[in-house]
Protein chains: 2
Amino acid sequence: MNNEAVSLFHAVGPSAAIIGRKPTLTNLKFNQMQRYGSVIGLNADKLEEYKLLHAAVWPEVLRMITRCNLRNYSIYLRQFDDGQHFLFSYFEYVGEDFAADMAVMAADPTTQRWWALCMPCQRPLVSRAQDEWWASMEEVFHCE
Amino acid sequence: MNNEAVSLFHAVGPSAAIIGRKPTLTNLKFNQMQRYGSVIGLNADKLEEYKLLHAAVWPEVLRMITRCNLRNYSIYLRQFDDGQHFLFSYFEYVGEDFAADMAVMAADPTTQRWWALCMPCQRPLVSRAQDEWWASMEEVFHCE
């Protein structure tokens, strides 16, 4: 895998902060924060490994998440009716250049080692955008 | 459908705030806030109807959401590789009795009329808990 080309989260190209990521009026008026919801499959034989990894995320990986301006970041797991497992992630981006921050994260050697453990657990959607790993979702509702 | 028995969100029984909803140490220490992630299918022929409804949610429904102590509530939509659409919801509960607050919401006539429009759009997971509509997900990671 090429960690320089594939963000853990989303497209790192210059249009990443624009495509499908319209800030709401609320965001623009108050704090420029942007919410991101994303989805990815999780391989059944990697369930426990993934949960164990995320029960004790490396401190340096957490520091990089914070340094790259991600906040209130949660990942949820559920088995669907077809037997497949999916992960949903929600986080808030409080920086000013999402693509640049994701590029910083992607260039971090510790984060790259972390992703090398996580990515084989995951099963990205075929329909994801070309430079996505987690597939972005469309926000259809928000209430503060 | 029986709106008194089925919460829009989650189980309204006395154990709703406990099952699969362990507050993290962070939450307990600082503010007792609890995060909820949930998933439900969305019927393909109801996509636009659901999006239009949620682009202009009735003010009284929004007020009830706030009154019942839900905050930072987002719903995301995505078509999966099998062609089916799913909604993911994320919200934060800041009250002290989730089951009681959900019962208040379920008893509100305006909210019931709103649900009567939304629920036919949705396709709940067969594997959801007996008293759920949206199926709860397991939080496997959180970073403030």
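This is a predicted model: local features need pLDDT of at least 70, side-chain atom pairs count only at pLDDT 80 or more; totals for chains, interfaces and linings use all residues.

Modeller: Residues are numbered from 1 along each chain as its sequence is written, chains are lettered from A and ligands numbered from 1 in the order in which they are written, and side-chain values use heavy atoms, with hydrogens and water left out.

Biologist: How many residues of chain A are in contact with chain B, and what makes a contact?

Modeller: Contact means heavy atoms within 4.5 Å. By that rule, 44 residues of chain A are in contact with 44 residues of chain B.

Biologist: What is the area buried between chain A and chain B?

Modeller: The area is about 3800 Å², with 58% given by carbon and sulfur atoms. Buried area here is the accessible area (1.4 Å probe) that two parts lose on being put together, summed over both. A:Y76, A:R78 and A:F141 supply 22% of what chain A buries against chain B, more than any other three residues.

Biologist: Why is the pair A:K51 and B:E138 called a salt bridge?

Modeller: The term requires a side-chain nitrogen of Lys or Arg within 4 Å of a carboxyl oxygen of Asp or Glu. The closest N and O atoms of A:K51 and B:E138 are 3.0 Å apart, so the pair qualifies. The count between the two chains is two salt bridges.

Biologist: Which elements of chain A supply the side that touches chain B?

Modeller: Helices (H or I, at least four residues) and strands (E, at least two) are DSSP runs, numbered from the N terminus. Those supplying at least two residues each include β1 (34-42), α2 (47-55), β2 (70-79) and β6 (138-143) of chain A. The largest share, nine residues, comes from β2(A).

Biologist: How do you know that β6(A) pairs with β2 of chain B?

Modeller: Two strands pair if DSSP finds at least two bridges between them. Five bridges join β6(A) to β2 (residues 70-79) of chain B, therefore the two strands pair, and they run antiparallel. Within this pairing, A:F141 stands opposite B:I75, and A:H142 stands opposite B:S74.

Biologist: What does β2(B) join within chain B?

Modeller: Eight bridges link β2(B) to strand β3 (residues 85-93) of chain B, and these strands are antiparallel. B:R78 has B:F86 in β3(B) as its bridge partner. The hairpin of β2(B) and β3(B) has five residues between the strands, and B:G83 there takes a positive phi near 95°.

Biologist: Why is B:S89 called buried?

Modeller: Buried means under 20% relative accessible area, exposed over 50%, and partly exposed in between (1.4 Å probe, protein chains only). B:S89 has a relative accessible area of 1%, so it counts as buried. This residue lies in strand β3 of chain B. Leaving aside neighbours within four places in sequence, its contacts include B:Y36, B:Y73 and B:W134.

Biologist: Is A:N72 buried or exposed, and what is its phi?

Modeller: A:N72, at 9% relative accessibility, is under the limit and therefore buried. Its phi is near 50°, a positive value in a residue other than glycine, and its place is in strand β2 of chain A. In chain B, B:N72 is found in strand β2 and has a positive phi of about 50°. B:N72 is likewise buried, at 9% relative accessibility. Eight of the ten residues of β2(B) are buried, making the strand mostly covered.
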